[in-house]
Amino acid sequence: MSQFFKLKENGTNVGTEITAGLTTFFAMSYIIFVNPSMLSQTGMPFGAVFLSTIIAAVVGTLVMGLFANVPYALAPGMGLNAFFTFTVVFALGFSWQEALAMVFICGLVNILITVTKLRKSIIKAIPASLQNAIGGGIGVFIAYTGLKNAGILQFTSDPGTYVLEESGTVVASSSATPAIVALNTSGVLLFLIGLALVVVLLVLNVKGAILIGIIATTLLGIPMGVVDLSGISLTQGVVSSFAELGQTFGAAFTQGMPALFADAARLPLVLMTIFAFSLSDTFDTIGTFIGTGRRTGIFSAEDEAAMESGSGFRSKMDKALFADSIATSIGAVFGTSNTTTYVESAAGIGAGGRTGLTSVVTALCFALCILLSPIAGAIPSAATAPALVVVGCMMLSSFAEIRWADLDEAVPAFFAGIFMALCYSISYGIAAGFVFYCLIKVCKKQAKDIHPILWVATALFVLNFVILAVL
(Lines give C-alpha, C1' and ligand atoms only; values in the text may rest on other atoms or scores of the structure.)
Protein backbone atom coordinates (compact mmCIF):
# COMPACT_ATOMS: atom_id res chain seq x y z
CA MET A 1 0.00 0.00 0.00
CA SER A 2 2.79 2.39 0.92
CA GLN A 3 4.56 1.75 -2.39
CA PHE A 4 1.39 1.87 -4.51
CA PHE A 5 0.37 5.30 -3.20
CA LYS A 6 3.99 6.48 -2.77
CA LEU A 7 3.29 7.61 0.79
CA LYS A 8 6.92 8.19 1.76
CA GLU A 9 7.64 10.21 -1.38
CA ASN A 10 4.69 12.46 -0.57
CA GLY A 11 5.68 12.92 3.08
CA THR A 12 2.70 11.11 4.59
CA ASN A 13 1.69 7.80 6.17
CA VAL A 14 -1.27 5.43 6.36
CA GLY A 15 -2.66 6.89 9.58
CA THR A 16 -2.60 10.45 8.27
CA GLU A 17 -4.23 9.43 4.98
CA ILE A 18 -7.04 7.55 6.76
CA THR A 19 -7.67 10.53 9.02
CA ALA A 20 -7.71 12.84 6.01
CA GLY A 21 -10.11 10.56 4.12
CA LEU A 22 -12.54 10.47 7.03
CA THR A 23 -12.29 14.25 7.39
CA THR A 24 -13.11 14.80 3.72
CA PHE A 25 -16.04 12.40 3.94
CA PHE A 26 -17.58 14.07 6.98
CA ALA A 27 -17.11 17.49 5.40
CA MET A 28 -19.05 16.52 2.25
CA SER A 29 -21.35 13.72 3.43
CA TYR A 30 -24.26 16.17 3.43
CA ILE A 31 -24.52 15.68 -0.35
CA ILE A 32 -26.03 12.20 -0.04
CA PHE A 33 -29.11 13.79 1.54
CA VAL A 34 -29.14 17.23 -0.08
CA ASN A 35 -28.80 16.01 -3.67
CA PRO A 36 -31.81 13.63 -3.54
CA SER A 37 -33.94 16.29 -1.88
CA MET A 38 -32.98 18.71 -4.68
CA LEU A 39 -33.37 16.43 -7.70
CA SER A 40 -36.48 14.65 -6.42
CA GLN A 41 -38.36 17.91 -6.95
CA THR A 42 -38.17 17.17 -10.69
CA GLY A 43 -40.10 13.91 -10.22
CA MET A 44 -37.05 11.66 -9.87
CA PRO A 45 -37.47 8.96 -7.18
CA PHE A 46 -35.74 10.04 -3.96
CA GLY A 47 -34.32 6.60 -3.21
CA ALA A 48 -32.91 6.22 -6.71
CA VAL A 49 -31.16 9.59 -6.55
CA PHE A 50 -29.85 8.71 -3.08
CA LEU A 51 -28.17 5.59 -4.46
CA SER A 52 -26.98 7.21 -7.69
CA THR A 53 -25.41 10.01 -5.65
CA ILE A 54 -23.44 7.48 -3.61
CA ILE A 55 -22.49 5.39 -6.66
CA ALA A 56 -21.26 8.45 -8.57
CA ALA A 57 -19.25 9.58 -5.54
CA VAL A 58 -17.72 6.13 -4.98
CA VAL A 59 -16.76 5.48 -8.60
CA GLY A 60 -15.46 8.99 -9.29
CA THR A 61 -13.48 9.18 -6.06
CA LEU A 62 -11.97 5.71 -6.50
CA VAL A 63 -10.79 6.59 -10.02
CA MET A 64 -9.30 9.80 -8.64
CA GLY A 65 -7.46 7.92 -5.88
CA LEU A 66 -6.34 4.79 -7.73
CA PHE A 67 -5.59 6.32 -11.13
CA ALA A 68 -4.45 9.86 -10.32
CA ASN A 69 -3.17 9.22 -6.76
CA VAL A 70 -4.34 12.58 -5.45
CA PRO A 71 -6.52 13.28 -2.36
CA TYR A 72 -9.64 14.63 -4.03
CA ALA A 73 -13.21 13.39 -3.67
CA LEU A 74 -16.01 13.70 -6.20
CA ALA A 75 -19.79 13.83 -5.91
CA PRO A 76 -22.73 15.50 -7.65
CA GLY A 77 -22.01 19.21 -7.42
CA MET A 78 -24.03 21.76 -5.51
CA GLY A 79 -25.03 24.60 -7.82
CA LEU A 80 -24.99 22.22 -10.76
CA ASN A 81 -27.85 20.23 -9.22
CA ALA A 82 -29.74 23.49 -8.66
CA PHE A 83 -29.18 24.45 -12.31
CA PHE A 84 -30.43 20.97 -13.30
CA THR A 85 -33.60 21.34 -11.21
CA PHE A 86 -34.65 24.96 -11.31
CA THR A 87 -33.33 26.10 -14.70
CA VAL A 88 -33.23 23.08 -17.00
CA VAL A 89 -36.35 21.28 -15.75
CA PHE A 90 -38.53 23.97 -14.16
CA ALA A 91 -37.67 27.06 -16.24
CA LEU A 92 -36.82 25.51 -19.63
CA GLY A 93 -39.37 22.70 -19.46
CA PHE A 94 -37.11 19.72 -20.13
CA SER A 95 -37.98 16.41 -18.49
CA TRP A 96 -35.56 15.02 -15.92
CA GLN A 97 -34.72 12.22 -18.38
CA GLU A 98 -33.75 14.82 -21.00
CA ALA A 99 -31.73 16.71 -18.40
CA LEU A 100 -29.83 13.51 -17.56
CA ALA A 101 -29.10 13.03 -21.28
CA MET A 102 -27.63 16.55 -21.42
CA VAL A 103 -25.50 15.83 -18.34
CA PHE A 104 -24.18 12.66 -20.03
CA ILE A 105 -23.27 14.62 -23.15
CA CYS A 106 -21.62 17.26 -20.95
CA GLY A 107 -19.47 14.47 -19.51
CA LEU A 108 -18.42 13.41 -23.00
CA VAL A 109 -17.49 17.02 -23.79
CA ASN A 110 -15.39 17.14 -20.62
CA ILE A 111 -13.64 13.92 -21.61
CA LEU A 112 -12.89 15.35 -25.06
CA ILE A 113 -11.41 18.61 -23.79
CA THR A 114 -9.36 16.65 -21.24
CA VAL A 115 -7.96 14.09 -23.68
CA THR A 116 -7.05 16.91 -26.09
CA LYS A 117 -5.28 18.66 -23.18
CA LEU A 118 -7.50 21.74 -23.46
CA ARG A 119 -8.35 21.80 -19.76
CA LYS A 120 -4.67 21.46 -18.85
CA SER A 121 -3.80 24.25 -21.27
CA ILE A 122 -6.38 26.51 -19.63
CA ILE A 123 -4.69 26.00 -16.26
CA LYS A 124 -1.26 26.85 -17.69
CA ALA A 125 -2.69 29.97 -19.37
CA ILE A 126 -3.91 31.51 -16.11
CA PRO A 127 -1.37 34.09 -14.83
CA ALA A 128 0.24 33.56 -11.41
CA SER A 129 -1.56 36.49 -9.79
CA LEU A 130 -4.96 35.06 -10.72
CA GLN A 131 -3.93 31.59 -9.61
CA ASN A 132 -3.05 32.96 -6.18
CA ALA A 133 -6.32 34.89 -6.10
CA ILE A 134 -8.27 31.74 -6.98
CA GLY A 135 -6.46 29.86 -4.21
CA GLY A 136 -7.31 32.48 -1.61
CA GLY A 137 -10.82 32.83 -3.04
CA ILE A 138 -11.42 29.12 -2.58
CA GLY A 139 -10.47 29.65 1.06
CA VAL A 140 -13.00 32.47 1.45
CA PHE A 141 -15.59 30.39 -0.40
CA ILE A 142 -15.34 27.29 1.80
CA ALA A 143 -15.07 29.35 5.01
CA TYR A 144 -18.27 31.15 4.03
CA THR A 145 -19.82 27.78 3.20
CA GLY A 146 -18.93 26.61 6.70
CA LEU A 147 -20.52 29.66 8.31
CA LYS A 148 -23.60 29.25 6.13
CA ASN A 149 -23.93 25.54 6.91
CA ALA A 150 -23.58 26.24 10.62
CA GLY A 151 -26.61 28.52 10.53
CA ILE A 152 -24.73 31.37 12.17
CA LEU A 153 -25.78 33.75 9.38
CA GLN A 154 -29.25 35.11 8.84
CA PHE A 155 -30.60 37.36 6.13
CA THR A 156 -32.44 40.35 7.52
CA SER A 157 -34.50 43.10 5.93
CA ASP A 158 -32.43 46.20 5.23
CA PRO A 159 -34.57 49.30 4.54
CA GLY A 160 -31.44 51.24 3.63
CA THR A 161 -30.93 49.24 0.44
CA TYR A 162 -31.72 50.98 -2.85
CA VAL A 163 -32.52 49.43 -6.20
CA LEU A 164 -32.70 50.75 -9.77
CA GLU A 165 -36.05 50.12 -11.43
CA GLU A 166 -36.42 49.52 -15.18
CA SER A 167 -37.67 53.09 -15.55
CA GLY A 168 -34.34 54.36 -14.22
CA THR A 169 -35.80 55.55 -10.91
CA VAL A 170 -33.81 54.81 -7.75
CA VAL A 171 -36.13 53.71 -4.95
CA ALA A 172 -35.75 52.39 -1.43
CA SER A 173 -36.17 48.67 -1.06
CA SER A 174 -36.45 46.18 1.75
CA SER A 175 -33.68 43.76 0.77
CA ALA A 176 -32.05 40.82 2.49
CA THR A 177 -28.57 41.40 3.91
CA PRO A 178 -26.47 38.93 5.92
CA ALA A 179 -26.18 39.33 9.68
CA ILE A 180 -25.18 37.15 12.62
CA VAL A 181 -27.96 35.26 14.37
CA ALA A 182 -28.71 35.44 18.06
CA LEU A 183 -26.27 33.12 19.82
CA ASN A 184 -28.96 31.35 21.80
CA THR A 185 -29.72 28.17 19.84
CA SER A 186 -28.16 24.76 20.46
CA GLY A 187 -26.92 24.34 16.89
CA VAL A 188 -25.14 27.68 16.80
CA LEU A 189 -23.63 27.19 20.26
CA LEU A 190 -22.42 23.72 19.24
CA PHE A 191 -20.77 25.20 16.14
CA LEU A 192 -18.97 27.85 18.21
CA ILE A 193 -17.75 25.21 20.68
CA GLY A 194 -16.58 23.01 17.81
CA LEU A 195 -14.83 25.92 16.10
CA ALA A 196 -12.98 26.85 19.30
CA LEU A 197 -12.02 23.21 19.84
CA VAL A 198 -10.63 22.75 16.31
CA VAL A 199 -8.69 26.02 16.48
CA VAL A 200 -7.13 25.06 19.83
CA LEU A 201 -6.18 21.60 18.58
CA LEU A 202 -4.62 23.02 15.43
CA VAL A 203 -2.66 25.68 17.32
CA LEU A 204 -1.34 22.96 19.63
CA ASN A 205 -0.37 20.87 16.56
CA VAL A 206 -2.50 17.90 17.63
CA LYS A 207 -2.41 15.18 14.98
CA GLY A 208 -5.83 14.65 13.38
CA ALA A 209 -7.13 17.87 14.93
CA ILE A 210 -9.90 18.41 12.39
CA LEU A 211 -11.29 14.87 12.59
CA ILE A 212 -11.06 14.87 16.39
CA GLY A 213 -12.97 18.14 16.39
CA ILE A 214 -15.74 16.72 14.18
CA ILE A 215 -16.17 13.59 16.30
CA ALA A 216 -15.97 15.41 19.65
CA THR A 217 -18.45 18.07 18.51
CA THR A 218 -20.87 15.38 17.29
CA LEU A 219 -20.71 13.56 20.63
CA LEU A 220 -21.26 16.83 22.48
CA GLY A 221 -24.26 17.45 20.27
CA ILE A 222 -26.09 14.43 21.73
CA PRO A 223 -26.73 15.87 25.21
CA MET A 224 -27.30 19.30 23.64
CA GLY A 225 -30.15 17.89 21.58
CA VAL A 226 -28.60 18.67 18.20
CA VAL A 227 -27.78 15.05 17.34
CA ASP A 228 -30.77 12.68 17.27
CA LEU A 229 -29.93 8.97 17.45
CA SER A 230 -33.48 7.73 17.87
CA GLY A 231 -34.26 7.35 14.17
CA ILE A 232 -31.21 5.29 13.22
CA SER A 233 -32.10 2.10 11.34
CA LEU A 234 -29.45 0.23 9.37
CA THR A 235 -31.79 -1.37 6.82
CA GLN A 236 -34.70 1.04 6.48
CA GLY A 237 -35.29 2.09 2.88
CA VAL A 238 -32.32 0.24 1.34
CA VAL A 239 -34.40 -2.37 -0.52
CA SER A 240 -36.89 0.20 -1.85
CA SER A 241 -34.07 2.48 -2.97
CA PHE A 242 -32.55 -0.27 -5.11
CA ALA A 243 -35.97 -0.93 -6.63
CA GLU A 244 -36.31 2.76 -7.53
CA LEU A 245 -32.82 2.84 -9.05
CA GLY A 246 -34.23 0.88 -11.99
CA GLN A 247 -36.29 3.93 -12.94
CA THR A 248 -33.26 6.22 -13.35
CA PHE A 249 -30.52 3.81 -14.47
CA GLY A 250 -30.08 4.26 -18.20
CA ALA A 251 -33.01 6.69 -18.46
CA ALA A 252 -30.67 9.19 -20.14
CA PHE A 253 -30.45 6.79 -23.13
CA THR A 254 -33.81 5.01 -23.23
CA GLN A 255 -35.96 8.11 -22.69
CA GLY A 256 -33.78 11.22 -22.57
CA MET A 257 -31.77 11.03 -25.81
CA PRO A 258 -34.67 10.20 -28.18
CA ALA A 259 -36.84 12.99 -26.75
CA LEU A 260 -33.98 15.49 -26.57
CA PHE A 261 -33.29 15.47 -30.31
CA ALA A 262 -36.81 14.73 -31.55
CA ASP A 263 -37.62 18.41 -32.07
CA ALA A 264 -35.10 20.23 -34.29
CA ALA A 265 -36.48 23.61 -33.17
CA ARG A 266 -35.18 22.95 -29.66
CA LEU A 267 -31.67 22.03 -30.79
CA PRO A 268 -30.12 25.52 -30.22
CA LEU A 269 -31.57 25.57 -26.68
CA VAL A 270 -30.26 22.07 -26.03
CA LEU A 271 -26.75 22.98 -27.18
CA MET A 272 -26.72 26.21 -25.13
CA THR A 273 -27.80 24.31 -22.03
CA ILE A 274 -25.09 21.67 -22.48
CA PHE A 275 -22.58 24.49 -22.94
CA ALA A 276 -23.68 26.12 -19.67
CA PHE A 277 -23.38 22.78 -17.85
CA SER A 278 -19.90 22.11 -19.24
CA LEU A 279 -18.46 25.58 -18.65
CA SER A 280 -19.48 25.69 -14.98
CA ASP A 281 -18.32 22.11 -14.36
CA THR A 282 -14.94 22.71 -16.02
CA PHE A 283 -14.03 25.85 -14.14
CA ASP A 284 -15.30 24.60 -10.78
CA THR A 285 -12.80 21.75 -11.12
CA ILE A 286 -9.96 23.94 -12.38
CA GLY A 287 -10.52 26.38 -9.53
CA THR A 288 -10.46 23.58 -6.95
CA PHE A 289 -7.23 22.09 -8.30
CA ILE A 290 -5.49 25.46 -8.52
CA GLY A 291 -6.74 26.59 -5.14
CA THR A 292 -5.79 23.50 -3.15
CA GLY A 293 -3.18 21.55 -5.07
CA ARG A 294 -0.16 23.65 -5.79
CA ARG A 295 0.56 25.36 -2.49
CA THR A 296 0.41 22.00 -0.71
CA GLY A 297 2.73 20.35 -3.24
CA ILE A 298 0.14 17.84 -4.45
CA PHE A 299 0.85 19.08 -7.97
CA SER A 300 4.59 19.60 -7.64
CA ALA A 301 7.15 21.29 -9.86
CA GLU A 302 8.08 17.88 -11.28
CA ASP A 303 4.43 17.30 -12.07
CA GLU A 304 4.27 20.66 -13.83
CA ALA A 305 7.28 19.66 -15.93
CA ALA A 306 5.58 16.40 -16.87
CA MET A 307 2.57 18.39 -18.04
CA GLU A 308 4.74 20.07 -20.64
CA SER A 309 6.00 16.85 -22.20
CA GLY A 310 4.42 14.74 -24.87
CA SER A 311 0.96 13.26 -25.04
CA GLY A 312 -0.80 10.79 -22.80
CA PHE A 313 -1.38 11.02 -19.08
CA ARG A 314 2.13 11.69 -17.82
CA SER A 315 1.36 13.85 -14.80
CA LYS A 316 -0.91 13.71 -11.77
CA MET A 317 -2.73 16.78 -13.05
CA ASP A 318 -3.45 15.00 -16.37
CA LYS A 319 -4.81 11.97 -14.53
CA ALA A 320 -6.81 14.03 -12.03
CA LEU A 321 -8.51 15.99 -14.81
CA PHE A 322 -9.33 12.76 -16.65
CA ALA A 323 -10.75 11.16 -13.50
CA ASP A 324 -12.96 14.19 -12.96
CA SER A 325 -14.09 14.25 -16.60
CA ILE A 326 -15.43 10.68 -16.70
CA ALA A 327 -17.32 10.99 -13.40
CA THR A 328 -20.08 13.19 -14.84
CA SER A 329 -21.09 10.69 -17.52
CA ILE A 330 -20.97 7.81 -15.03
CA GLY A 331 -23.26 9.71 -12.66
CA ALA A 332 -25.70 10.50 -15.48
CA VAL A 333 -25.96 6.82 -16.38
CA PHE A 334 -27.12 5.98 -12.85
CA GLY A 335 -29.30 9.06 -12.52
CA THR A 336 -27.77 12.20 -11.05
CA SER A 337 -26.60 15.65 -12.11
CA ASN A 338 -22.98 16.64 -12.87
CA THR A 339 -20.38 14.92 -10.71
CA THR A 340 -17.43 17.16 -9.94
CA THR A 341 -14.37 17.48 -7.71
CA TYR A 342 -15.44 18.79 -4.32
CA VAL A 343 -13.86 21.85 -2.78
CA GLU A 344 -14.49 20.18 0.61
CA SER A 345 -11.52 17.97 -0.30
CA ALA A 346 -9.56 20.88 1.14
CA ALA A 347 -10.64 19.71 4.61
CA GLY A 348 -8.86 16.39 4.10
CA ILE A 349 -5.87 18.09 2.53
CA GLY A 350 -5.74 20.41 5.54
CA ALA A 351 -5.70 17.29 7.74
CA GLY A 352 -2.58 16.06 5.93
CA GLY A 353 -3.96 14.09 2.98
CA ARG A 354 -1.50 14.01 0.09
CA THR A 355 -2.19 10.84 -1.92
CA GLY A 356 -4.96 8.78 -3.45
CA LEU A 357 -5.26 6.71 -0.27
CA THR A 358 -7.20 9.64 1.18
CA SER A 359 -9.65 9.38 -1.73
CA VAL A 360 -9.97 5.61 -1.37
CA VAL A 361 -10.90 6.00 2.31
CA THR A 362 -13.48 8.65 1.43
CA ALA A 363 -14.93 6.41 -1.30
CA LEU A 364 -15.24 3.48 1.11
CA CYS A 365 -17.09 5.71 3.58
CA PHE A 366 -19.54 6.69 0.86
CA ALA A 367 -20.02 3.02 -0.05
CA LEU A 368 -20.82 2.15 3.56
CA CYS A 369 -23.49 4.85 3.52
CA ILE A 370 -25.66 2.57 1.38
CA LEU A 371 -26.26 0.62 4.59
CA LEU A 372 -25.19 3.10 7.24
CA SER A 373 -26.66 6.32 5.88
CA PRO A 374 -28.53 7.14 9.12
CA ILE A 375 -25.23 7.12 11.01
CA ALA A 376 -23.58 9.41 8.48
CA GLY A 377 -26.67 11.60 8.60
CA ALA A 378 -26.32 11.92 12.37
CA ILE A 379 -23.18 14.06 11.91
CA PRO A 380 -24.62 17.60 12.17
CA SER A 381 -23.49 20.50 10.03
CA ALA A 382 -22.55 22.23 13.28
CA ALA A 383 -19.78 19.62 13.64
CA THR A 384 -18.43 19.71 10.06
CA ALA A 385 -18.74 23.49 9.55
CA PRO A 386 -15.78 24.34 11.85
CA ALA A 387 -13.53 22.19 9.65
CA LEU A 388 -14.48 24.19 6.57
CA VAL A 389 -13.96 27.51 8.37
CA VAL A 390 -10.46 26.73 9.66
CA VAL A 391 -9.32 25.16 6.38
CA GLY A 392 -10.58 28.23 4.55
CA CYS A 393 -8.60 30.37 6.97
CA MET A 394 -5.42 28.41 6.23
CA MET A 395 -5.88 28.81 2.48
CA LEU A 396 -5.97 32.62 2.68
CA SER A 397 -2.16 32.63 2.72
CA SER A 398 -2.31 32.61 -1.10
CA PHE A 399 -3.44 36.24 -0.98
CA ALA A 400 -0.02 37.18 0.42
CA GLU A 401 1.54 36.49 -3.00
CA ILE A 402 -0.58 39.19 -4.68
CA ARG A 403 0.69 42.77 -5.03
CA TRP A 404 -2.40 44.51 -3.67
CA ALA A 405 -0.85 47.96 -4.05
CA ASP A 406 -0.76 47.41 -7.81
CA LEU A 407 -4.28 47.87 -9.20
CA ASP A 408 -3.33 45.92 -12.33
CA GLU A 409 -3.13 42.84 -10.11
CA ALA A 410 -5.47 43.86 -7.31
CA VAL A 411 -8.66 44.41 -9.33
CA PRO A 412 -8.69 41.04 -11.18
CA ALA A 413 -7.55 39.32 -7.97
CA PHE A 414 -10.42 40.86 -6.01
CA PHE A 415 -13.02 39.63 -8.46
CA ALA A 416 -11.43 36.19 -8.85
CA GLY A 417 -11.08 35.81 -5.08
CA ILE A 418 -13.57 37.78 -3.01
CA PHE A 419 -16.32 37.91 -5.65
CA MET A 420 -16.19 34.11 -5.76
CA ALA A 421 -17.61 33.93 -2.24
CA LEU A 422 -19.98 36.89 -2.63
CA CYS A 423 -21.77 35.32 -5.60
CA TYR A 424 -21.29 31.82 -4.14
CA SER A 425 -19.83 30.37 -7.31
CA ILE A 426 -16.25 29.32 -8.05
CA SER A 427 -16.72 29.53 -11.82
CA TYR A 428 -18.37 32.97 -11.70
CA GLY A 429 -15.52 34.29 -9.57
CA ILE A 430 -13.01 33.00 -12.09
CA ALA A 431 -15.08 34.50 -14.90
CA ALA A 432 -15.08 37.96 -13.28
CA GLY A 433 -11.33 37.76 -12.70
CA PHE A 434 -10.72 36.83 -16.33
CA VAL A 435 -12.91 39.65 -17.65
CA PHE A 436 -11.20 42.34 -15.58
CA TYR A 437 -7.73 40.94 -16.29
CA CYS A 438 -8.36 41.20 -20.04
CA LEU A 439 -9.97 44.64 -19.68
CA ILE A 440 -7.00 46.05 -17.77
CA LYS A 441 -4.46 44.56 -20.18
CA VAL A 442 -6.30 46.05 -23.16
CA CYS A 443 -6.51 49.49 -21.50
CA LYS A 444 -2.78 49.35 -20.72
CA LYS A 445 -2.06 48.35 -24.35
CA GLN A 446 -0.66 45.02 -23.15
CA ALA A 447 -3.15 42.78 -24.94
CA LYS A 448 -0.26 40.76 -26.35
CA ASP A 449 0.42 39.49 -22.81
CA ILE A 450 -2.96 37.75 -22.70
CA HIS A 451 -2.75 34.06 -23.59
CA PRO A 452 -5.03 33.14 -26.53
CA ILE A 453 -6.72 30.48 -24.41
CA LEU A 454 -7.54 33.13 -21.80
CA TRP A 455 -9.15 35.23 -24.53
CA VAL A 456 -11.29 32.29 -25.62
CA ALA A 457 -12.22 31.34 -22.04
CA THR A 458 -13.23 34.92 -21.28
CA ALA A 459 -15.34 35.13 -24.44
CA LEU A 460 -17.05 31.86 -23.52
CA PHE A 461 -17.84 33.17 -20.05
CA VAL A 462 -19.36 36.34 -21.52
CA LEU A 463 -21.35 34.22 -23.96
CA ASN A 464 -22.53 32.06 -21.07
CA PHE A 465 -23.77 35.12 -19.16
CA VAL A 466 -25.63 36.29 -22.27
CA ILE A 467 -27.22 32.86 -22.71
CA LEU A 468 -28.31 32.73 -19.06
CA ALA A 469 -29.79 36.22 -19.39
CA VAL A 470 -31.75 35.14 -22.46
CA LEU A 471 -32.87 31.87 -20.90
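This is a predicted model: local features need pLDDT of at least 70, side-chain atom pairs count only at pLDDT 80 or more; totals for chains, interfaces and linings use all residues.
Trainee: What makes Glu 98 and Arg 266 a salt bridge?

Mentor: The term requires a side-chain nitrogen of Lys or Arg within 4 Å of a carboxyl oxygen of Asp or Glu. The N to O distance here is 2.7 Å, so the pair qualifies.

Trainee: Where do the two residues lie?

Mentor: Glu 98 is in helix H6 (residues 96-115) and Arg 266 is in the loop between helix H12 (251-260) and helix H13 (267-293), 168 residues apart. Helices here are DSSP runs of H or I with at least four residues, numbered from the N terminus.

Trainee: Why is Glu 98 called buried?

Mentor: Buried means under 20% relative accessible area, exposed over 50%, and partly exposed in between, with a 1.4 Å probe and protein chains only. Glu 98 has 7%, so it is buried.

Trainee: Is Glu 409 buried or exposed?

Mentor: Its relative accessible area is 15%, therefore Glu 409 is buried. Its side chain meets that of Arg 403 in a salt bridge at 2.7 Å, N to O.

Trainee: Why does Lys 444 count as partly exposed?

Mentor: Its relative accessibility is 41%, so Lys 444 falls in that class. Lys 444 forms a salt bridge with Asp 408, the closest N and O atoms being 3.5 Å apart.

Terms used:
Residues are numbered from 1 along each chain as its sequence is written. Side-chain values use heavy atoms; hydrogens and water are left out.
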